[in-house]
Amino acid sequence: MVGKAQGAGRAAPAQRKPAQRAAAPKTTIPQVGWHQVRPAPIVLVSGTETFLAERAIRQLRDFLKLEDPSLEISDVQADSYAPGELLTLASPSLFGEPRLIRVSSVEKCSDTFLAEALDYLTNPAEDTYVVLRHGGGVRGKKLLDTIRGGAGGGIEVVCTELKKDTEKYEFASAEFKAAGKRVTASALRSLVAAFSDDLAELSAACHQLISDATSEITETTVDRYYGGRVETNAFKVADAAIAGRNGEALLTLRHALASGADPVPIVAAFASKIRTMAKVFGARGSASQLASTLGLAPWQVERAQRDLRGWTDEGLARCIELLAETDAGVKGGGRDPVFVLERLIGVIARRGSV
């Protein structure tokens, strides 16, 4: 009886509550694009796109320098930070000049910098602008969360990598618009195709054309300056083959190869265009509607719709399979990269027919 009574008196084992995930820190400060940078006591420049980050910081410097030519500019490396450096640089000078402190490598910051930066946020110096460049990663997360929570009265300039051709097209278009220079859509497409791998080179090419061209910039202008780029030749080969012009495609290919072009980026150009065609195939709606749904630019949708005339789903599927074989062939999987590339061109020019 005693044992039963003792057993009856035991409390039922407590049920464990499911573990709750910690809520993500709330962002209360303005988050703007690289082209919207503006002065603030703390300017967090985040993201992996180094070119845009550097441009944003340069634009802020130029703006502050224009407002007050006596601006004092200092640079700090967060990964090799000396104790007290931030406070010393932010201290008022004898003549009271405004100060711009640019801090790089915050994603690799030392513990000393992290502690002193967090302390600085509680009482930022007057007439001082601290720019913190963080290229990504978890190091310094506490500092970023504190800034995003509103400490220091800062803003965040988000510089994410431009991965889509749509984004690069818009970037190039904005370069010409800012300079007041007219440029055709086909010229923009050629530029993006020629410099798709390097945003800095794309920007430099835009500014070269802006500086040199006296009238509207067309595809002919771009060809005259950058026609030797491998990527430009690659897309010319792909355009001719997809349009069914087999002879022109082969002639352009041989010219490109004779000029030193590598077969790999040429296959990549075909893959880019065929993938876009596959996305658009069978989709219904306006170009703007499909662009939003498929993550493309309206001009890409319109171009793909034109390219798809005369194609069947079987032909498209055949070309996608052959693309994979050709890609392997030009990367060492076959004896003759040029042969497999010419075979691909022939099949694509026949709309996927063998």
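Predicted model: local features only at pLDDT ≥ 70, side-chain atom pairs only at ≥ 80, totals over all residues.
1. Ground rules. Local features need pLDDT of at least 70 and side-chain atom pairs count only at pLDDT 80 or more, while totals for chains, interfaces and linings use all residues. Residues are numbered from 1 along each chain as its sequence is written, and side-chain values use heavy atoms, with hydrogens and water left out.

2. How space is found. Rolling a probe the size of a water molecule over the atoms shows where empty space is left. Here a 1 Å grid is laid over the protein atoms alone. A cavity is a set of points where a 1.4 Å probe fits but cannot get out. A pocket is an open set with protein on both sides within 12 Å along at least five of seven lines. Lining residues have an atom within 4 Å of a point. Grid points are joined across faces, edges and corners, and a volume is the space filled by probe spheres set on the points.

3. Largest pocket. The largest pocket holds about 1200 Å³ of space. It is lined by 45 residues, of which Asp165, Ala193, Phe235, Ser272 and Lys273 are the closest to its centre. Elements giving two or more residues to this lining are helices H6 (165-179), H7 (185-194), H9 (219-226), H10 (230-242), H11 (246-258), H12 (263-280) and H14 (298-307). Helices (H or I, at least four residues) and strands (E, at least two) are DSSP runs, numbered from the N terminus. H12 gives the most, with ten residues.

4. The lining of the largest pocket has 21 charged, 14 nonpolar and ten polar residues. Ala, Val, Leu, Ile, Met, Phe, Trp, Tyr, Cys and Pro count as nonpolar; Asp, Glu, Lys and Arg count as charged; the others, Gly among them, count as polar.

5. Second largest pocket. About 290 Å³ of space lies here. Of its 15 lining residues, Trp34, His35, Leu52, Phe171 and Ala174 are the closest to the centre. Helix H2 (50-67) and H6 each give two or more residues to this lining. H6 supplies the largest share, six residues. By class, the lining has eight nonpolar, three polar and four charged residues.

6. Cavity. The count comes to one cavity of 30 Å³ or more. The largest cavity holds about 40 Å³ of space. Ile42, Leu86, Phe113, Ala117, Tyr120, Leu121, Val130, Leu132 and Leu143 line it. That lining has nine nonpolar residues, no polar and no charged. Helix H4 (111-121) and S5 each supply at least two residues, and H4 has the largest share, four residues.

7. Nonpolar cores. A nonpolar core is a set of buried Ala, Val, Leu, Ile, Met, Phe, Trp, Tyr and Cys residues joined through side-chain atoms within 4.5 Å. Buried means under 20% relative accessible area, exposed over 50%, partly exposed in between (1.4 Å probe, protein chains only). The largest core has 44 residues, and Val43, Val157, Phe176 and Leu191 have the most contacts inside it. Strands S2 (42-46), S5 (128-134) and S6 (155-158) each give two or more residues to this core, as do H2, H6, H7, helix H8 (199-212) and H9. H2 gives the most, with seven residues. A second, separate core of 38 residues includes Ala241, Ala249, Ala271 and Leu316.

8. Strand S2. Five of the five residues of S2 are buried. In a regular strand the side chains alternate between the two faces of the sheet. In S2, Ile42, Leu44 and Ser46 lie on one side and Val43 and Val45 on the other. Strands pair if DSSP finds at least two bridges between them. S2 and S5 pair in the parallel sense over five bridges, with Arg133 in S5 as the bridge partner of Val45. S2 and S6 also run parallel, joined by four bridges; Glu156 in S6 is the bridge partner of Leu44.

9. Two buried residues. Leu199 is in helix H8 and is buried, with a relative accessible area of 11%. Contact means heavy atoms within 4.5 Å. Not counting residues up to four places away in sequence, Leu199 touches Glu49, Phe51, Leu52, Leu162 and Phe171. Gln300, in helix H14, is buried with a relative accessible area of 11%. On the count that leaves out residues up to four places away in sequence, Gln300 touches Asp165, Thr166 and Thr276.
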